[in-house]
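Look over the sequence and the structure first, then read on.

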Amino acid sequence: MTINTLSQDGVQRQQMPCLTKMERMIISMQDPDMGIKLRNQRLLITVIPHAMTGLDIVEWLIKKCSISDEEALHVGQLFVKYGYIYPLKEPRNLILKADDSSYRFQTPYYWMSTRWPASELDYAIYLAKKNIRKQGELIEYEKECYNALHKRINHTWDFVVMQAREQLRASKQRRKGDRIVLECQEQAYWLVNRPPVSPEHYKLTTLTKNTIIEHNRISLARNRVKSSICLESYVKYCEQYQPHDPIMQGCLPSNPWITDDIMFWNMNSETVALPTKLRVERWSFSFMELLNDQMGRKEFLTYLEKEFSAENLCFWQACEDVRHGETAKIPEKVDEVYKQFLAPGASRWVNIDSKTMEKTLEGLKRPHRFVLDDAQMHIYFLMKKDSYPRYLKSELYKNLLARAIVPQETKKSVFPFMRRQRHSSPSPALATQTAEDDGKAKYSNSNSGTASRL
Amino acid sequence: MGKDECKTMLDALNKVTACYRHLVIALGSTSDSQNLREELKKTRNKAQELAVANRTKLTALLKDKNISKDDRAEYERLWVLFTSSVELLEVDMKRSLEIGQDFPLKVPTRHLIQTGMTGSTTTVAARAMSVQNMKYEADANIDTVDLKELETEIAQVDQMMEEMEMKVQVAPWAVEAKQEAGAELKSTVSVGNSSVGVISICEEEPKETVEGETGLMKVFAGIIFTGVLLIAGILGYLVVNL
């Protein structure tokens with residue numbers, strides 16, 4: 001399991017739940033009766049308490065969670081990997097060994113936390129302290145990090161040096177055993193949070209570099225719209241669509257959710273004889289509106305048949321089918337399309353310019369979902385620029401608009417008692433309220449876990 | 001001189017911040033205690049006083065329009081030192097609130113983490129407060145009462161930092177540090193010599209386990225024994241020959 005502690009936008013507000021669970025387990029390990037047995041670590045002169053062996057940890061996990069040997073070892077490994085327990089003999093080797101190698105708990109300040117990620121300033125202070133202690137003998141990767149940080153946060157470097165000196169002076173005030181523990185703790189923290197980077201990571205092959213450059217170039221060339229223009233068109237869009245919005249303008253004949261009368265849906269279904277006026281008006285807003293409405297598409301097809309350019313719309317529909325259909329059927333569908341629309345001398349040959357045609361024919365050798373995209377786009381724009389405006393000016397459309405019905409609002413009957421109930425069913429909000437009250441009473445009585453009966 | 005005063009005050013703030021961090025590291029571990037909580041409170045208050053004093057002094061100096069360019073650059077450098085110090089302090093205060101809430105001292109079911117640190121932090125706090133001995137006079141429930149005060153103080157520090165950012169126009173990236181890389185090695189105060197030998201125990205593979213100790217002893221014993229044998233042999237030879 002990998003825990004990705006770096007979020008996209010920087011600081012997380014909450015500690016990740018997996019880390020909270022680990023913390024709870026660590027705290028339960030501290031129990032004087034039920035926790036892990038601790039021994040003393042003997043160094044040359046000093047004795048430091050609170051050390052435990054890897055075997056102790058694994059055995060405790062087996063007993064506490066009733067899990068197998070393997071699983072206990074894996075869980076223990078997680079504790080070491082994320083810095084809650086650190087090894088004493090081989091600090092750079094962050095693994096748990098189920099033998100008598102010693103480990104110790106990390107102090108809560110240095111626990112892995114998504115709320116307080118390890119900062120560069122702290123790392124710089126740590127390296128400066130180490131530099132002082134070791135009289136300049138830092139390890140290779142630490143030297144590199146030190147130099148990089150010196151360049152990057154140069155403006156606070158004085159602070160780094162001052163703070164490093166002061167922190168060392170402060171720790172000198174403690175007795176020797178505590179000082180050793182402090183240094184081991186800090187070292188373990190930084191080994192977890194700034195692990196040495198292996199040289200392979202640095203090798204960016206030329207291929208990846210080129211893809212990165214290409215990607216960035218495309219992103220730079222992306223079309224960007226000024227927000228003033230964007231907002232103007234957004235306002236226009238809202239104004240245009242407001243009469244068509246059932247919630248804002250109210251819908252005729254009546255809102256089915258209020259009056260339980262489904263006439264509105266029936267009148268606007270796909271297979272109705274005469275469409276409503278609003279619906280037909282919407283087709284004139286944009287080409288996509290026309291194509292998205294099944295009835296609109298049919299009408300447009302009839303018009304195109306009259307103009308002898310129906311194959312354009314059929315081709316476009318076939319391409320949509322390829323794009324959104326089953327992957328297994330793509331090769332045969334593409335083949336069909338080629339035979340019907342693209343082959344020279346095909347029955348419904350579409351007029352595509354030579355460049356796009358060449359590209360498409362090349363791609364047909366290895367058909368995939370988006371191989372017909374360029375051709376489809378070309379035909380779409382052809383229809384949009386040419387046939388669509390003519391359709392809107394045509395007799396066919398105007399007749400349909402004239403014949404389209406404007407539904408009457410359901411008459412409220414004269415006698416109040418004859419009127420259909422405006423709110424025929426109880427509001428769902430009331431239903432949940434009563435359920436919650438019942439639930440709460442039951443919960444307090446029976447002390448059960450679930451309170452919602454919704 | 002304004003600059004020297006500023007520098008001494010900044011040094012004091014720096015010292016207290018370092019000590020405060022040291023104390024916060026001990027929170028939640030076995031060296032946590034009522035005393036530690038009181039030390040944290042006192043150190044924190046001292047740090048805030050120093051921060052406010054520093055701020056007034058530095059803002060007054062920076063607002064002055066009649067200072068030379070060099071002076072201004074120097075004050076900006078001091079300002080960056082000051083803001084970094086206060087930021088560190090703020091983070092440590094927030095963390096101490098979090099850890100303090102997670103590890104209340106009086107609840108028997110919440111155990112402190114056994115980190116191996118058992119000594120007290122009195123000397124560190126005494127260094128922060130610049131006194132010889134610390135006096136402890138707080139109530140028994142300081143761990144819970146203090147947390148509420150801590151919250152208000154964090155809010156105050158946050159507000160102070162916001163005001164600072166708004167009122168003083170100093171570009172931190174434009175400041176150049178005086179110290180170059182490795183400057184801390186030229187320190188005249190030897191901070192690490194006494195700990196250098198001890199730290200190597202943590203770093204490399206220490207042979208100072210119980211088995212290692214007896215091994216070492218064995219080698220010594222062997223050397224002494226062979227030495228004694230040699231001397232005995234030489235004496236015997238001399239006795240025989242003379």
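Over all chains, a search of the whole structure finds 23 aromatic pairs. The model searched here is a predicted one. A pair of aromatic rings is described by the distance of the centres and the angle of the planes.

**Aromatic pairs in chain A**

Start with A:F287 and A:F300, which form an edge-to-face pair. The pair links distant parts of the chain, 13 residues apart. A:F287 lies in helix α15 (residues 287-292) of chain A, and A:F300 in helix α16 (residues 294-307) of chain A. A:F287 counts as buried because its relative accessibility is 2%, under the 20% cut-off. A:F300 counts as buried too, at 0% relative accessibility.

A:F300 also pairs edge-to-face with A:Y391. Here the partners are 91 residues apart: A:F300 in helix α16 of chain A and A:Y391 in helix α20 (residues 373-393) of chain A. A:Y391 is buried, with a relative accessible area of 0%.

| Pair | Centre to centre | Angle between planes |
|---|---|---|
| A:F287 and A:F300 | 5.6 Å | 70 degrees |
| A:F300 and A:Y391 | 5.5 Å | 75 degrees |

Ring pairs extend the picture into a cluster. Its members are A:F287, A:F300, A:Y303, A:W316, A:Y380, A:F381, A:Y388, A:Y391 and A:Y397.

**Charges over rings**

The charged end of A:R194 sits over the ring of A:Y123, 5.5 Å from its centre. Another case involves both chains: B:R95 lies over the face of A:Y109, at 4.4 Å from the ring centre.

**A buried arginine in chain B**

B:R77 lies in helix α3 (residues 69-102) of chain B. Is B:R77 buried or exposed? B:R77 counts as buried because its relative accessibility is 10%, and buried means under 20%. Leaving out residues up to four places away in sequence, B:R77 touches A:D158 in chain A. In chain B, B:R77 touches B:K7, B:V175, B:E176 and B:K178.

**Helix α4 of chain B**

Helix α4 of chain B spans residues 122-129. Its buried residues are B:V124, B:A125, B:A126, B:A128 and B:M129. What do they pack against? They pack against α6 (157-171) of chain A, together with α1 (2-25) and α2 (34-63) of chain B. After α4(B) comes B:S130, whose phi is positive, near 55 degrees.

**A nonpolar patch**

Chain B also has a nonpolar surface patch of about 730 Å². B:L216, B:M217, B:V219, B:F220, B:I223, B:I224 and B:V228 make this patch. Of these, B:V228 is found in helix α7 (residues 210-241) of chain B.

Definitions and conventions. Residues are numbered from 1 along each chain as its sequence is written. Chains are lettered from A and ligands numbered from 1 in the order in which they are written. This is a predicted model: local features need pLDDT of at least 70, side-chain atom pairs count only at pLDDT 80 or more; totals for chains, interfaces and linings use all residues. Side-chain values use heavy atoms; hydrogens and water are left out. Helices (H or I, at least four residues) and strands (E, at least two) are DSSP runs, numbered from the N terminus. Buried means under 20% relative accessible area, exposed over 50%, partly exposed in between (1.4 Å probe, protein chains only). Contact means heavy atoms within 4.5 Å. Patches are made of residues with over 30% relative accessible area and no salt bridge: like charges are joined within 9 Å, nonpolar side chains (Val, Leu, Ile, Met, Phe, Trp, Tyr) within 5 Å. Accessible areas come from the Shrake-Rupley method with a 1.4 Å probe; for residues, only the protein chains shown count as cover. A salt bridge is a side-chain nitrogen of Lys or Arg within 4 Å of a carboxyl oxygen of Asp or Glu. Rings of Phe, Tyr and Trp (its six-membered ring) pair if their centres lie within 6.5 Å; planes under 30 degrees apart count as stacked, over 60 as edge-to-face and the rest as tilted. A charge sits over a ring if NZ of Lys or CZ of Arg is within 6 Å of the ring centre and within 35 degrees of the ring normal.
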